[in-house]
Each structure stands twice: as C-alpha cells, then as structure tokens.
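Please consult the sequence and the structure while reading.

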Amino acid sequence: MKIDVVSIFPEYLAGLQLSLIGKAVDQGLLDLTVHDLRDFTFDRHNTVDDSPYGGGAGMVMKAEPWALALENILKGQQAAGEDSASGPGAENGDGDSPYDARTGAARKPILIVPSPAGPVFNQRIAEDLSEAEHIVFACGRYEGIDQRVIDWSAEHFDVRPMSIGDYVLNGGEVASMVMIEAVSRLIPGVIGNPESLTEESHEDGLLEYPIYTKPASWRGQDVPEILLSGNHRAIARWRRDRRLERTAEVRPDLLAELQDLDKHDRAVVERFESGDESMTE
C-alpha cells in the first residue's frame with residue numbers, strides 16, 4: 001500500500017516512523033511519504049492561507065498550493081504505473097500498476113480529508129481501506145481547505161471526508177495518524193501474530209475482554225481462577241461473557257446492532273443489565 005500525507009507540519013507525522021508502522025515501512029510493506037504543503041508555494045512567506053470570502057473569523061487554506069501538491073502526487077502515481085507496466089508480470093496484468101488491467105483506466109487514489117462533516121471512522125471502514133492500493137490524506141488547518149479543492153479533486157481522486165469523532169481539532173494531522181495506524185496494522189505482515197487481530201475490540205462488534213499477566217496475585221487482587229485452569233473451552237466462554245458485559249456497560253449501542261447473539265449471549269446481557277452478578281464471577 002502507498003500512503004501520502006500532505007500537511008503544513010510534516011514533523012507532526014514523525015510518530016509514524018516508530019513502532020510497527022515504522023517497521024512496516026522499513027520492510028517494504030508500506031510506502032509512506034509526507035509532503036510539506038509549503039513546498040508548493042512561491043511567495044517569500046510560503047503563504048498557504050487567506051481570509052474567507054463573505055467575512056468571518058479565521059483563515060482558509062488557499063486552493064493553488066493544494067492543487068499543486070495533489071497533482072505532484074498524481075504524477076508520482078502515473079510514473080509508478082509506467083514503471084510497473086514494463087516490469088515483471090506486466091504482460092498478464094500481474095504488476096502493481098495503478099491502472100485497471102481490463103479497462104486500462106487509471107484507478108483513482110482515495111483522498112481522505114479529515115473533517116467533522118464526514119462519516120465517523122470505524123473498524124469496518126479501516127478494514128475496507130486496508131485493501132486500497134493508494135490513500136492520500138489531506139491535513140487541513142485553520143478553518144479548512146477552499147471547497148474548490150475538494151470539488152476539483154473529485155475528478156482525480158475518490159474523495160472521502162472522514163471524522164474521528166464529534167469534537168474539534170486544530171488540524172487534520174492527529175486524525176490522519178489515527179486512521180493511518182488503524183488501517184496500516186491490518187495490512188498482512190504488519191502485525192506479527194495475525195490471530196491477535198481477530199480478538200480485538202470492535203472486530204466482531206464487541207469490546208475486548210479484560211486481560212491479565214503475571215503475577216497471579218498483585219496488591220491484593222487475584223487473576224480470575226478460570227484463566228489459570230487450563231480449560232480452554234471454559235476460558236473462551238468466560239472471555240465471551242466478559243466482552244458481552246463490557247459492551248453492554250460501555251457501548252450498548254453496539255449490542256443493538258448485533259444479529260448473531262445466541263441464547264446464552266442474551267442471557268448474559270440480561271443478567272448483567274438486571275444487576276445479577278452471579279454470571280460475572
């Protein structure tokens with residue numbers, strides 16, 4: 001997967017060079033490039049913003065620097081396509097070309113614009129994006145990006161405004177980092193043990209169960225005995241029950257969306273909601 005990020009604070013994205021994402025880049029599993037929007041300005045002050053038409057507080061990011069930055073990314077995609085077209089597997093369409101093997105048309109990169117006006121990012125969206133070939137993140141600042149950039153981009157990109165929650169941030173960098181990490185960790189090979197992905201919160205609509213490690217007793221608190229029993233079937237049932245209870249307590253809206261709860265699952269939820277703790281021991 002190729003990911004490009006455009007920001008006026010490229011150093012803000014330095015955290016992506018750490019941990020599993022940084023290793024994925026080093027191993028060639030992820031091609032990550034951060035672009036400085038100011039590199040696409042030509043005045044002495046590298047101006048990227050101006051006052052809004054119609055008045056109002058704040059400043060708006062100018063259209064031309066954004067268009068030049070995005071065009072530069074598109075040129076890079078085109079060059080990559082030309083290289084792969086003559087590379088191994090090109091004759092039978094097996095190369096990593098950004099062109100559709102059947103139609104010859106260029107595949108549009110996905111352009112994600114962090115914005116409170118977009119749908120809320122979640123695990124299902126992360127899974128969908130993890131199968132993309134090329135994603136571009138446009139990190140807006142101030143009052144946002146000139147709307148004409150978004151409209152123009154629709155001709156060249158699959159534009160997707162995206163929110164990470166109902167609150168306001170100073171810019172799109174933090175939101176982009178959240179989405180990049182959530183998506184990148186789903187790329188095969190990024191997580192060392194792929195089985196861990198199936199046991200995480202939200203993976204099947206439920207939150208994760210409580211987790212423990214050694215020692216078995218710590219400051220008067222003991223690890224639940226069932227986890228020390230070696231009975232893997234009973235442990236799996238205990239963990240499922242705790243996931244149901246935790247979701248019922250913290251995110252009952254998630255439970256309302258689940259259609260595959262069996263009779264035992266529903267009994268656990270009903271007992272928890274009624275305050276009966278006999279099932280929680």
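Which residues are exposed on the other side of helix 1? They are S19 and D26, where exposed means over 50% relative accessible area, buried under 20% and partly exposed in between (1.4 Å probe, protein chains only). The model is predicted, with local features needing pLDDT of at least 70, side-chain atom pairs counting only at pLDDT 80 or more, and totals for chains, interfaces and linings using all residues. Residues are numbered from 1 along each chain as its sequence is written, and side-chain values use heavy atoms, without hydrogens and water.

**Helix 1**
- I21, G22 and A24 are buried in helix 1 (residues 19-26); helices are DSSP runs of H or I with at least four residues, strands are E runs of at least two, and both are numbered from the N terminus.
- Helix 5 is included in what covers the buried residues of helix 1.
- G28, with a positive phi near 80°, follows helix 1.

**Nonpolar cores**
- The largest nonpolar core has 28 residues, of which F121 and I135 touch the most other members; such a core joins buried Ala, Val, Leu, Ile, Met, Phe, Trp, Tyr and Cys residues through side-chain atoms within 4.5 Å.
- Helix 5 gives the most to this core, five residues.
- A second, separate core of 19 residues includes V6, L37, M61 and A138.

- V174 belongs to helix 5 (residues 173-184) and is partly exposed, at a relative accessible area of 34%.

Key. Contact = heavy atoms within 4.5 Å.
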